[in-house]
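Opening the notebook on a new model today.

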Amino acid sequence: MSREPAGLRTDGGRERPVRAGVIGVGSMGTNHARVYAELRGVELVGVADADVDRAAEVAADFGTDAYGIEDLLDRVDVVTVAVPTPYHASVARQCIDAGVHALVEKPFVDDLDAGAELAALAAERGVVLQVGHIERFNPAVRALPDLLDGVDPIAITANRLGPPLNREMGDGVVMDLMIHDIDVVLSLVGAEVDRVAATATPDEQYATAQLTFENGVIASLTASRLTQQKTRTLDITARDRLIRVDYLNQSVQIFRQSRPDYLRDNGGVRYRHEVVMEQPMISTGEPLKRELQAFVDAATDGGPVLVSPADGLRAIDLARRIEADAESTVRSVETAENAEAAETAETTDSSEGRQ
């Protein structure tokens, strides 16, 4: 299908809005529709969803139209794919075949080989394919490369915790929550993971993972849907400083020149601990808006794809390693508990038999 380049008109060369659409308008897809409708230079042309009533409702909310997927792809330059993960690969392929640039929500795909094929096909067809790891566009995270210039991290600690949700989730916390921090940490460390040690609750609502990278950096990640306080933090430890990121309030704090000391005070001894804290100015803003703007720029102006399919695949691969190790740990604990219970029962039976 021949397609007019995004961002251009044929009538005198004047610019026209970039035509955008959303496939899958659940909670996340609806937010994408909202942001496309708000972006300057972008027109939300339409939405699509397997639930046609839902598609019509969202379309009405944002003053646009509801279509089937093929009809929507005939009308747009860029599109967000926010359908359930098992359908990411097939819908993304439809987008590529139609010559439509696509942002695919995380996790990118549920099959690594299919994801690699999509990446190769998109490159061959000249179609931009971006993965929706939104925390990369958090202003506090965007500030980290400059703050880490000349700094050698020793350890990274990430906590992504929150209270139970009122809805069912298909994925455990590793693939749903921890994957955000996996992606950020991989982007910061720039080395391969050498070792993984993980554990989780049997219902996969709480998980921790310890990662050792080939360059010696250690990372500790925790994700929870059981914690009664919402926390989203990232701590980066170096020899002369601690850099703390708070995702929620989009802030960065740098702690350095920590000086513990004991002082004599009126004949007694008093402990004092001084530390210098800096708080760089961060230009805050909605991460999703920044993510979609970057995607539109890459699709229309040839700008960089900040979260590539390769990034998405690395995050999924590591998340699966963590899930597998956590499952193995849980099985080992259950096996030991079962063996102990059986031994206790056998001892009890033998004791009763001697009476």
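Predicted model: local features only at pLDDT ≥ 70, side-chain atom pairs only at ≥ 80, totals over all residues.

Which residues touch the most other members of the largest nonpolar core? I looked them up: Leu-211, Phe-213, Leu-234 and Ile-322, in a core of 77 residues.

Next I checked where the core residues come from. Helix H8 (residues 173–189) gives the largest share, 11 residues. I also see that domain 1 (8–127) and domain 2 (136–303 + 314–329) both contribute residues, so this core lies between them.

I then picked Phe-213 and listed its contacts, skipping residues up to four places away in sequence. I got Val-185, Leu-186, Val-189, Ala-191, Glu-192, Val-193, Asp-194 and Ala-219.

There is a second, separate core too, with 23 residues. Val-25, Tyr-36, Phe-295 and Ala-298 are among them.

On to the backbone. Most peptide bonds are trans, and most residues other than glycine have a negative phi, so I went after exceptions.

The bond from Lys-106 to Pro-107 came up as cis, with omega near -15°. Pro-107 sits in the loop between strand S5 (101–105) and helix H5 (112–125).

Glu-204 has a positive phi, near 60°. I found this residue in the loop between strand S8 (193–200) and strand S9 (206–213).

Gln-250 also has a positive phi, near 55°, and belongs to the loop between strand S12 (241–246) and strand S13 (251–265).

Buried or exposed, I wondered, for Gln-250? Buried, at 13% relative accessible area. Glu-204 is partly exposed, at 41%.

Conventions
Residues numbered from 1 in each chain as written. Heavy atoms only, no water. Core = buried A, V, L, I, M, F, W, Y, C linked by side-chain atoms within 4.5 Å. Buried < 20%, exposed > 50% of the residue type's maximum accessible area, 1.4 Å probe, protein only. Helix = DSSP H or I, 4+ residues; strand = E, 2+ residues; numbered from the N terminus. Domains from an automatic or database assignment. Contact = heavy atoms within 4.5 Å.
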